[in-house]
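Subject: Handover of a structure, with findings

Dear colleague,

Please find the sequence and the structure below. The findings follow directly after them, for a reader who has not worked with this structure before.

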Amino acid sequence: MKDWWQATFPKGRQNLIITDAHGYPVQIAYGEKGRGKPLILLHGMGSWSYNWRHLIAPLSKYFRVICFDAKGFGFSEKPFSRREHNGHQVIEFQRIIQALCDEPAAIVAESLGGLIALALAQEHPQLIGRLIVVNVPIFVERLPHWAMWLLAQTPLEIMQTVDSLRLAYLFAPLFREIMAIERRAVLFDPSILTQEDIYWITYPFIELPGTIAKVAEELQIAAKEIENLQENKPNMLAKIQNNLHKIQCPTLVLWGEQDSWFPATDGAKLHQQISNSKFQILPDCRHDASTGASKVLNTAIIEFLQDTGF
């Protein structure tokens, strides 16, 4: 099967070295296509740049589209030796933008990526010219899926053993089938997910050791955040919620009408707390909007950026 990076980006997969939140050099995989103002696509939990496959080409007609895999995800480095701290994604996203862009970028961020983008817009507003967030876990009360909860409860040492023994690779057909069932569950029309999609969605988990353990680690951080929020202990979620009014850049909040993970009422509430924002419902769309509602999503993004003069 043809390499997705090579087939999608003129220069294929490129690598960027940034300093991570711990102060160590880390390799980030990215690709870019098109010319013009920078538009960065930020994926959600357990995903990688492939999730944006339907938007890259259409958006690249208007903008310099940049896709990257966050540290620990996709084809980016997965350091084992040091545990992550909450908020590291925001610091690393900041450094990626600074390394790749010499002007404020438009950010399109889905799910957990949207939460990271909201935090960055509060802490470093000079980096973001326009902000578009999709199905964000901003008012989340629990992890939305049983598998997430299970991974969050499993000791990391066990997940690292699963990775080091390459169990996902050994049981690849079964792993792909389970992942396919779960990914179809977040699509309004499950039939649009092809065998090629399943191959690439699962590729990092099966072929790149460390992916499962790093995703589990991020889920454990998320679970602890939710627990701290509910117990009124210091947490990043509450900080982001309490500082939404600080986001001044033109912002578009997009939400799947049938998103069962985070209801559309959360999107309306988010819109109300960001003064310079617009809210739009995506019809016939569950949680995975970048796959399940790509045409509507693409149109909404282009219209919003053109209307706001980006």
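In helix α8, the buried residues are A172, M179, A180 and R183. Viewed down the axis of α8, these buried residues fall within an arc of 110°, so they line one face of the helix. Please note that the model is a predicted one.

The neighbours of that face can be named as well: the buried residues of α8 pack against α7 (167-170) and α9 (195-207). The length of α8 was also checked. The helix runs over residues 172-185, which makes 14 residues. At 1.5 Å a residue they should span 20 Å, and the end C-alpha atoms are 20 Å apart, which agrees.

Helix α6 (residues 156-164) may be read in a similar way. Its buried residues are L156, M159 and D163. They cover an arc of only 60° around the axis, which puts them on the same side of α6. Just after α6, R166 adopts a positive phi of about 55°.

Salt bridges

Side chains of opposite charge can pair when their charged atoms come close. How many salt bridges does a search of the whole structure find? The search finds 11.

D20 and K71 meet through their side chains in a salt bridge, at 3.2 Å from N to O. This pair links distant parts of the chain, 51 residues apart: D20 is in the loop between β1 (14-19) and β2 (25-33), and K71 is in the loop between β4 and α3 (88-100). Are D20 and K71 buried or exposed? Both D20 and K71 are buried.

R53 and D197 form a salt bridge through their side chains, with an N to O distance of 3.0 Å. R53 lies in the loop between β3 (38-42) and α2 (56-60), and D197 lies in helix α9, so the pair ties together parts that are 144 residues apart in sequence. R53 has a relative accessible area of 14% and is buried. D197 also counts as buried, at 5% relative accessibility.

K233 and E231 form a salt bridge in which the closest N and O atoms are 3.1 Å apart. K233 counts as partly exposed, at 40% relative accessibility. E231 is partly exposed too, with a relative accessible area of 42%.

Individual residues

F68 is in strand β4 (residues 64-68). At 2% relative accessibility, F68 counts as buried. Which residues does F68 contact, leaving aside its neighbours within four places in sequence? They are I28, A29, Y30, I40, L41, L42, H43, S49, F93 and I96. The C-alpha atoms of F68 and A109 are 11 Å apart in space, while the two residues are 41 residues apart in sequence.

L115 is in helix α4 (residues 112-123). With 12% relative accessibility, L115 counts as buried. Not counting residues up to four places away in sequence, L115 touches V136, P137, I138, L237 and I240. For I240, which is 125 residues from L115 along the chain, the C-alpha separation is 8.1 Å.

H145 is in the loop between β6 (128-134) and α5 (146-153). H145 counts as buried, at 16% relative accessibility. Apart from residues up to four places away in sequence, H145 touches E182 and W261. The side chains of H145 and E182 are joined by a polar contact of 2.5 Å.

Yours sincerely

Notes. Residues numbered from 1 in each chain as written. Predicted model: local features only at pLDDT ≥ 70, side-chain atom pairs only at ≥ 80, totals over all residues. Heavy atoms only, no water. Helix = DSSP H or I, 4+ residues; strand = E, 2+ residues; numbered from the N terminus. Buried < 20%, exposed > 50% of the residue type's maximum accessible area, 1.4 Å probe, protein only. Polar contact = N/O pair within 3.5 Å; in protein donor to acceptor, adjacent residues only side chain to side chain. Contact = heavy atoms within 4.5 Å. Expected span 1.5 Å × (residues − 1). Arc of directions from axis to C-beta. Salt bridge = Lys/Arg side-chain N within 4 Å of Asp/Glu carboxyl O.
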